[in-house]
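Please look at the sequence and the structure first.

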Amino acid sequence: MKNNYAILNGKLMNDTLHNLNINRGSKEKLIDINNQEFIDFNSGLWNVTLGYNTELNQNLKQQFNKVLDQNLPFLDITSYTHSIYNTTAKKLLDFIGIEDYENIIYTNSGSETLEAALKIVNVVSNKDIIISFKHSYHGTFYGDMTISGLTYEFNDSQNLDTDNNLLCNFPESEEEEEEMLNYFKHNYQNIKAIFIEPVLGSAGIYFRSIGFYNNLISFCKKNDIIVVFDEVATGFYKTGQKLFLNHLKEYPDIFCLGKAINNGTLPAGALVINKHITEKLEHSKIEHMSTQNGNILSITSIYETLKFYEKYNDSLLDNVNKIEKLAKDIANEKSIDVRCIGTMIAVPVKSENLYPIINVLRDHRILVYLYINNRECGISLFPNINIDPSRFEKLFKFILKKLKKYE
């Protein structure tokens, strides 16, 4: 049957990676219209961090009913206020747990959050150059594409202004970390901001040492360079802390959230800014607004998801660290190259084996994602953060066993 909806995913299309018609979910499983169950190690493209979670969804359903019983599914946040706005902002700031952050700006997605961050950077700094990384992914909104290395191939068709954007190689060694720091030391007068995806998720799970991030942020702070962290993919436990920045001693001025902020329930995102940026914005002329920023149901979903995270915080942190250890130990035991931090896992494979491996795993009812960059390709695994470790262990061993036959 012909579909009458389309998506713009490289071209106009409505075919999908796994070609499955999904009917419902349960924990880490997706169940299709033929009642076949599939393990979702794609995790809803990283949104459904808590899996298809009955407890959370019942909580959301109950709170949505309360909102709808008031006949108030929508308010214009520029015209009215509502208690949920500030209650949720405080809840999120408490979750972050770092005093320097004091304001939340609501958005509808991670891409929109990055777009807002770009506008802020351009308003509060009069320097020239914005730096990001060649294999980063920051969304496909107009501004996002100028800093998003993985979508750079589409820039020519969009007539984007990239004159003041510099895409740098992501460091792959301590020597390259030092080279980047030296570049900043010699060029800081012209650098306006740096956008950092602390784990390059779409490119295949690349990340650098905590010391590198701390040193880079520290230097930027001392030299009036704005640091923006894109935590849309890394946020909410996936790297073994609540947020990646919780690994650090030095913190970005701005960071961007989306995806797992409400377990993918409704379009939602948030921009978090520190006191320094807040003070600059109070004296700047800027506008970023869509009518759905502040959608009450979306913000309610953020609040309820944060309550869920708070309730299970200790067990989630423990579980993610168990998953990371299992993944590394199993890969080491089988002598297979794996990059892993928390529940973000990449396994490089030969290009000719990529789709055969994905298809074989799907035939065994295991769904994984893929990554492709100009150096390599492979499969990406993003299990939900509350998956039972023994279940993950069994499944991961099976995946590597199948992969070994090809590689």
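## Two residues with positive phi

Y237 is found in the loop between strands β12 (226–230) and β13 (254–257). Helices and strands are DSSP runs numbered from the N terminus, a helix (H or I) having at least four residues and a strand (E) at least two. Phi of Y237 is near 80 degrees, a positive value in a residue other than glycine. Y237 has a relative accessible area of 0% and is therefore buried. Buried means under 20% relative accessible area, exposed means over 50%, and partly exposed lies in between, with a 1.4 Å probe and protein chains only.

W46 also has a positive phi, near 75 degrees, and is not a glycine. W46 sits in the loop between β5 and α1. With 5% relative accessibility, W46 counts as buried.

## About the model

This is a predicted model, in which local features need pLDDT of at least 70 and side-chain atom pairs count only at pLDDT 80 or more, while totals for chains, interfaces and linings use all residues. Residues are numbered from 1 along each chain as its sequence is written, and side-chain values use heavy atoms, with hydrogens and water left out.

## Helices α1 and α10

Two packed helices are described by the angle between their axes and the distance between the axes. The axes of helix α1 (residues 54–69) and helix α10 (residues 296–311) come within 10 Å and cross at roughly 145 degrees. Here axes are lines fitted to C-alpha atoms, for helices over the stretch in contact, and angles run from 0 to 180 degrees between N-to-C directions. The crossing of α1 and α10 is right-handed. A crossing is right-handed if the near helix is turned clockwise from the far one by less than a right angle, and left-handed if anticlockwise.

On the α1 side, the contact is made by E55, L56, N59, L60, Q63, F64, V67 and L68. On the α10 side, the residues are I296, L297, T300, S301, E304, T305, F308 and K311. Contact means heavy atoms within 4.5 Å. The residues of this contact divide into eight nonpolar, five polar and three charged. In this count Ala, Val, Leu, Ile, Met, Phe, Trp, Tyr, Cys and Pro are nonpolar, Asp, Glu, Lys and Arg are charged, and the others, Gly among them, are polar.

## Salt bridges

Side chains of opposite charge can pair when their charged atoms come close. How many salt bridges does a search of the whole structure find? The search finds twelve. A salt bridge is a side-chain nitrogen of Lys or Arg within 4 Å of a carboxyl oxygen of Asp or Glu.

One of them joins E28 and R391, with an N to O distance of 2.3 Å. E28 lies in the loop between β3 (22–26) and β4 (29–32), and R391 lies in helix α13 (residues 389–406), so the pair ties together parts that are 363 residues apart in sequence. E28 is buried at 9% relative accessible area, whereas R391 is partly exposed at 33%.

Helix α11 (residues 313–333) holds K328 and E324, which are four residues apart and so separated by about one helical turn. Their closest N and O atoms are 2.7 Å apart, in a salt bridge. K328 is partly exposed at 41%, and E324 is buried at 16%. K325 and D329 are also four residues apart in α11, about one helical turn. They form a salt bridge, again with closest N and O atoms 2.7 Å apart. K325 is exposed at 54%, while D329 is partly exposed at 37%.

## The surroundings of D32

D32 is in strand β4 and, at 5% relative accessibility, counts as buried. Leaving aside neighbours within four places in sequence, D32 is in contact with N21, I22, N23 and F38. The C-alpha atoms of D32 and I22 are separated by 4.0 Å, although the two residues are ten apart along the chain.

Which backbone atoms does the side chain of D32 reach? A polar atom of this side chain lies 2.9 Å from the backbone nitrogen of N34, and the side chain reaches the backbone nitrogen of Q36 at 2.8 Å.

## Helix α12

In helix α12 (residues 354–363), the residues L354, I357, I358, V360, L361 and R362 are buried. What covers them includes β5 (37–40), β16 (344–349), β17 (366–367), β18 (369–372), β19 (377–381) and α13. Just after α12, R365 takes a positive phi of about 65 degrees.

Technical notes. A polar contact is a pair of N or O atoms within 3.5 Å; within protein, one must be able to donate a hydrogen and the other to accept it, and residues adjacent in sequence count only if both atoms are side-chain atoms.
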